[in-house]
Amino acid sequence: MNAQRWLDVSERWIRFLVRLYPVDFREEMGGALVEAYRDRCRVALREGARFALFGVWLRALFDSVRNGLGERVRPAAPWRRGGNWGRDMELATRRLVRAPVFALAMIGTLGIGLGAFAVVYAFVHKVLIAPLPYERPDDLYFVWRDYGPIVELNRGWLGGTDVAELQKVGGVIEDAAGMLRGRLTLSGRDGRDATEISVIATSPNLFELLGVRPALGRGFAPDEVGPGRPAVAVLTHELWNGLGADPSIIGTEIRLNDEPYTVIGVMPRRFTFVRSAGVGAPQRADAYTTLSVNLAETNPMAGSYAGLIRARPGSSAETVGEAVDAVGKGIDERDFESLGLKLYAIGLKPDLVASVRPALVVLGLAGVFLLLVLMVNLATLLVARASQREQEFAVSRALGASPIALARGTLVEGGMLGLMGGVAGALVAVWGTRVAVALAPTDLPRRDSIAVDPGIGAVVVGVGVLLGLLAATLPAAWAARAPLSSLLSNASVRGGGGQGRMRRGMVVVQVALSLVLLSTGGLVVRSFERLLRVDPGFDPDGVLTFRVPMPSQRFPEATDALALQDRLQVELAALPGVDAVSAASALPLSTDASQTNIEIPGAPGNTGDLDHDRPLVDYIGIRAEFVGVMGIRMLAGRMFDSARREGVREALIDRVLADHFFPAGNPIGTKLPFRDDTLMIVGVVQQPRLYDVHQDSRGQLFIRAEDWGYRTLSFVLRSDRDPRALIPFVRSVARRIDPQLALAEVRTMDEIVADALSQQRISAVLIAGFALGALLLAAMGLFGVVSGSVLRRRHELAVRLALGAEPRRVRRLVIGEGVRLVLIGVLIGAPGVYGAGRAIRGVLVGVSPSDPTTLIGVALGLTAIAVAACYVPARRVSRIDPARSLRQE
Amino acid sequence: MAMDRDRRRVEAFLPLRLVEFHILLSLAAGERHGYGMIQDAIARGETSAPDVGTLYRALARMAEQGLIRAADRRKAPDADDERRNYYRITPLGSRVARAEAARLATLTRAAMVGGLLPEGAL
């Protein structure tokens, strides 16, 4: 045996030994190791012949066992086990640059999906989750009266005496504050028009109770309350800004309802406080002042104070509830003859967001579904990509690349795309949130604070990376686990096999998820459409509204106010383009009406049961012609004329009351006791809804505003042109009559209706957007699968065509494959549709969660889109030239 | 401050393992391939020259730590002109090698003072 032969044998031995080293070390150092040993063997041969060579072989054995196993236990560089990420990243970048369409599709999908998700997240987070800007906000509670059997009112404001009792009781209740809110006219100064602002009059401890200090000046002193208190005011940052943002405002005077108040403080910018209302939206304030009464001396029967308490730190909601309940029992005994009045507490945040919670939860669920669809779509894209790269995989593995390294490459690719998609998503989110906030109802709690902050941006980017990695997991696992032989054999016929099944499975999942989202979207949109078409009981088109506050300080005599209202009505009616003018104490959908119990002795509908015969009603003062201007339908009798008859106090009732008291008879002419007087019913109208657009609430009673000394009224103008164009003329009329008159809440009736529906509108828009996004994603996934399958089966299809199959039939074969997937997806999604329908039942109006028209429509629509998505790639079949295609293989 | 941090960084490597010091010693003279370093160690009179596996594991680790860097792959005149992977010392590697040499010199001096070595053995 010559020397070269011995060297070859040595090399084979060394190569065998090198296998003791772990694969990643071998990849990098194996070659050099073998070379070094060969050098060694050569030297040994040259110097000591074969005997020395055996020594080297033995030495190599010990060396390899020791170091090979040592390297496995303690790698030279610990992180090398995880691979060379830098290099992987570089490679992934290069691959993505070479496949720009794929990269853009991924980033676009992620960007839009995550952006939409982040918009929802921002809303849900800021409204439902984020802490309020107060000290220990979880220890703050609003307290309400539940009148139980006394009056049909279970969320009523507290009596001043209740608040005084809560302040006194001690125990877990550290402190309590009572608040009134009023709209006051802020006199114009320095050339500014008079404006109406909303002012909370509170116990002086409000700011301490919230744990917030004014940014400028001071808060209220404990003795600045009660009759004869110094008139002091604390301004919000916004109002202070509106007044010129002058720090020297402290100590100066502002005039509210023509009375002087000394400004003692300005709140910080981020401070907002809303007084939760029994009915309607929480009420904001522009300024704060103290109560001019002593709470303990108020009439215990009148509930008009919002009660806020702070619990001792660490008290559970139950202990607070028990303490409040105990206080309620005492009050019931003392002031209500134990008739059954109850007090109860609700945490500040739950109380404020209660009304929007169901809608936000639905949105949140929709967001999660969208995210799922997104993820599956990403995985589909990556699998499609992996299948394009399968040849490369197969060759790499044949050349000895470790499966781990290949999986790692795929993961890095997914992670990088996720990162870029996340950044795109964050950009979409910032922009989308601005749009969504603009669409959102003005009374959405904490609306001003909704924006995508860096924290949410980071979450979006993080979720993007996570999604990218998750979506890459499947193809990565596939790349790592698929046996080499299957890769190679599949590669020769371009794809198919296991990953084809996986892709088809993912399309099925996607179709199922999309179906759930689409049916939810369909139901919500249909419900919104119903709402838009609903008859609210009045005709909002072409009506301009504004409130004219007439505080008693400026108009001590009700007759002065009446004279001014008469003059306003006449002069406004004389404006060109104005058809008619009237006014009311509460506008439809304003929730502003007052309530009282009425009875009609001798009415045919009376049952003898006091609860039934003395119902709680909303009563509203309206001026002549209001019914006509608002387009409220008369059902019987007549409306109020401009001429008033001496000694007769007229009233209108709505159909709810008419049905209640006069199920069969005619109410016209009936007498109705009201306060210390008697009303005569002159007409019956359709209910102009005060609360919900879509359903009647308690009955309404209309009295003549002229008869009852109403001061502040909302005026309504009907015009045959754009009512907004009238605003400057209206202002100049008001200024001419009295320069200190403020016009408040100048809005068209259409805007009021739109505002009342804005919560439903934003839900509908967002969910519809999500659903369309999901549909698009599903269609893209299907398109990808079918076109991939056409490509893969080109050979087979070519054979079919060559053997005389009609292109049409072959096309049908391809489409059939896609449609089968869609049908399976629809079947799997059906139970999900049922579940989602049940979950959103609460937000649907006029649509059943299993509305067959909607659901069948959605399923058909989805199938149609899916067939279209299959049809496009199927058309390629016709472009297969059998001869050429077969020759290529 | 910066110098302190630098020194701390260098000192974190000390003491070097024997095979590591041999590698740095060889590379301080210029680029070298793996087997060449073993030959250098033998030439220095090292009785237990490092095994090939030990050497390459050390090379991998030191490349990771930035003490040395892989240079190009080129023909080796001492191995029948076959191509070999060459290594080169980095500035950090030089500093670490100098620090180790200084440490060993201090120890040797201490051995002389302690009478273990004759004066002037250095």
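This is a predicted model: local features need pLDDT of at least 70, side-chain atom pairs count only at pLDDT 80 or more; totals for chains, interfaces and linings use all residues.

Residues are numbered from 1 along each chain as its sequence is written, and chains are lettered from A and ligands numbered from 1 in the order in which they are written.

Chain A has 27 helices and 23 strands, where helices (H or I, at least four residues) and strands (E, at least two) are DSSP runs numbered from the N terminus. Of the 889 residues in chain A, 45% are buried, meaning that 20 or more other C-beta atoms, placed from the backbone, lie within 10 Å of the residue's own.

Helix α22 (residues 758-792) and helix α24 (residues 807-839), both of chain A, have axes that come within 10 Å and cross at roughly 140°; axes are lines fitted to C-alpha atoms over the stretch in contact, with angles running from 0 to 180 degrees between N-to-C directions. The contact is made by A:Leu782, A:Val786, A:Ser789 and A:Val790 of α22(A), together with A:Val814, A:Glu817 and A:Gly818 of α24(A), two residues being in contact if their C-beta atoms, placed from the backbone, lie within 7 Å.

Between the chains, 19 residues of chain A are in contact with 14 residues of chain B.

Technical notes
A residue is buried if 20 or more other C-beta atoms lie within 10 Å of its own, exposed if 12 or fewer, and partly exposed in between; C-beta atoms are placed from the backbone.
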